[in-house]
Amino acid sequence: MESQSFPSAPADVVLYDASDGLYGELLDPPTVIESSSSAGQQVHSGADLSDVPNHLRSVRYGYADTARSSAESEDIPINFYNYSMSFVRIRWIDTSGQSPPSHVWTLAPNQEINQSTTAGHVFVFSTVVAQGEQDLFGSNETEAILGAYRPKRALPSGMHHSIQVHDGESGGGYILEVVLSDESSYDALVVASSWLDKQVVLSQNRQDSIKTLGLLHTIVSNVIKDPTNDKYRKLRLSNSTVEKRIVRPWSPMEFLRVLGFVRQTLPIDNGEEGDDEEHLVAEMPNESRLELYRSAVGLLDQLKRRCSPGFVVDVAPPTPWDEPVLLSGGSGGGGRGRWSDGAHFISDEDRWARVERARRFRRNAGPRPAPGNAPSDRGRWGRPR
């Protein structure tokens with residue numbers, strides 16, 4: 001049975017991704033249309049896809065240059081929801097950029113389907129907008145592209161990737177949305193930790209990073225220690241330390257928001273009537289929410305270690321927010337787990353050998369550090385800047 005081509009018209013659509021691209025790629029209609037129209041000219045069997053990450057085809061994702069197992073070995077549950085008033089068509093794309101008719105599903109309004117996939121597989125979404133003459137699909141419908149989604153990795157919580165189609169908020173167009181459906185909010189907490197890593201750990205100077213993470217650690221630990229104490233669940237935003245460490249860099253605010261802190265305007269203690277101040281306030285957590293707080297402490301501990309003077313990215317243990325990358329060597333018919341093993345994963349011994357070679361060429365390098373405190377790949381001791 002022959003593969004089907006793709007629609008060539010974009011839909012009026014807005015894209016939202018609650019994971020900020022950490023768990024998957026959400027591709028807009030122009031990218032899908034451009035990729036599909038050029039696939040026949042640029043892609044051939046066994047091509048190296050590492051330099052074309054947005055090409056419309058199923059490719060291989062994995063964790064390059066680490067001893068961590070590759071992402072494509074994980075089964076990823078994925079759910080598709082059509083909450084719009086239109087019919088939505090979903091196509092799985094194989095490694096040659098084609099869509100086998102056996103892997104096409106049409107969802108009626110308020111219908112959903114569940115699938116199991118692996119990292120790197122592409123699903124294209126389109127909507128049936130009108131009846132018309134026979135088109136490229138060999139059907140009697142006219143379609144418009146909503147976008148595409150390519151999962152990068154399984155969610156830390158083990159929950160499914162949730163892709164939803166809604167009608168536009170203004171009554172026209174559509175919304176294609178990646179939703180984090182984990183009720184414990186752990187997946188969202190990992191996303192917030194990745195933002196902390198980028199904005200606080202890797203961009204501020206080390207002392208500022210340690211102070212910011214230390215304040216967050218104290219806030220969360222105090223709630224765990226005494227969850228019934230209101231003062232531990234209330235932060236005055238006008239406080240100079242809170243304003244500098246929490247409010248200005250938005251990632252700490254997002255981290256606390258995931259834990260349940262919300263902005264509230266409250267009267268000033270011992271103040272006159274009408275004297276109000278903004279606070280961050282959290283409700284008294286139940287046991288499941290306390291478990292999220294404990295997970296937050298563990299994530300903050302990992303972030304604090306990344307601020308230590310001897311931290312080096314190359315030899316650091318993996319974090320839950322490590323992003324997999326596109327790997328070459330993907331081939332075959334796109335069946336789950338049927339990729340050729342074209343990627344090279346560096347073992348711990350290889351990594352330490354690399355560090356040793358760099359150390360020999362480094363003047364006054366000193367003795368070999370303990371594991372976890374290796375020299376950076378930029379020729380300095382400590383974390384790369």
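Okay, ground rules. The model is predicted, so local features need pLDDT of at least 70 and side-chain atom pairs count only at pLDDT 80 or more, while totals for chains, interfaces and linings use all residues. Residues are numbered from 1 along each chain as its sequence is written, and side-chain values use heavy atoms, with hydrogens and water left out.

When I say helix or strand, I mean a DSSP run: H or I with at least four residues for helices, E with at least two for strands, numbered from the N terminus. Two strands pair if DSSP finds at least two bridges between them.

Let's start with β10, residues 161–167. On one side of the bookkeeping, strand β4 (residues 76–82) pairs with β10 in the parallel sense, over 5 bridges. There, Tyr-81 stands opposite Gln-164. Then β10 also pairs with strand β11 (residues 174–179), antiparallel this time, over 6 bridges; Ile-163 sits opposite Val-178 in that pairing.

How buried is β10? Buried means under 20% relative accessible area, exposed is over 50%, and partly exposed is in between, using a 1.4 Å probe and protein chains only. Of the 7 residues in β10, 5 are buried, so the strand is largely enclosed by the rest of the structure.

Next, β14, residues 276–281. Strand β12 (residues 234–236) runs antiparallel to β14, joined by 3 bridges, and Lys-234 has Val-281 as its bridge partner. Strand β13 (residues 262–267) pairs with β14 as well, antiparallel over 6 bridges, with Leu-266 partnered by Glu-277.

Now helix α6, residues 287–305. For the 19 residues of α6 that gives 27 Å, and the end C-alpha atoms are 27 Å apart, which agrees.

The buried residues of α6 include Leu-292, Tyr-293, Ala-296 and Leu-303. Among what covers the buried residues are α2 (186–201), α3 (206–225) and α5 (250–259).

Buried or partly exposed? At 22% relative accessibility, Ser-295 counts as partly exposed. Contact means heavy atoms within 4.5 Å, and, leaving aside neighbours within four places in sequence, Ser-295 is in contact with Tyr-186 and Leu-189. Ser-295 and Val-190 are 105 residues apart in sequence, yet 9.5 Å apart in space, C-alpha to C-alpha.

That's my tour, thanks.

Definitions and conventions: Expected span 1.5 Å × (residues − 1).
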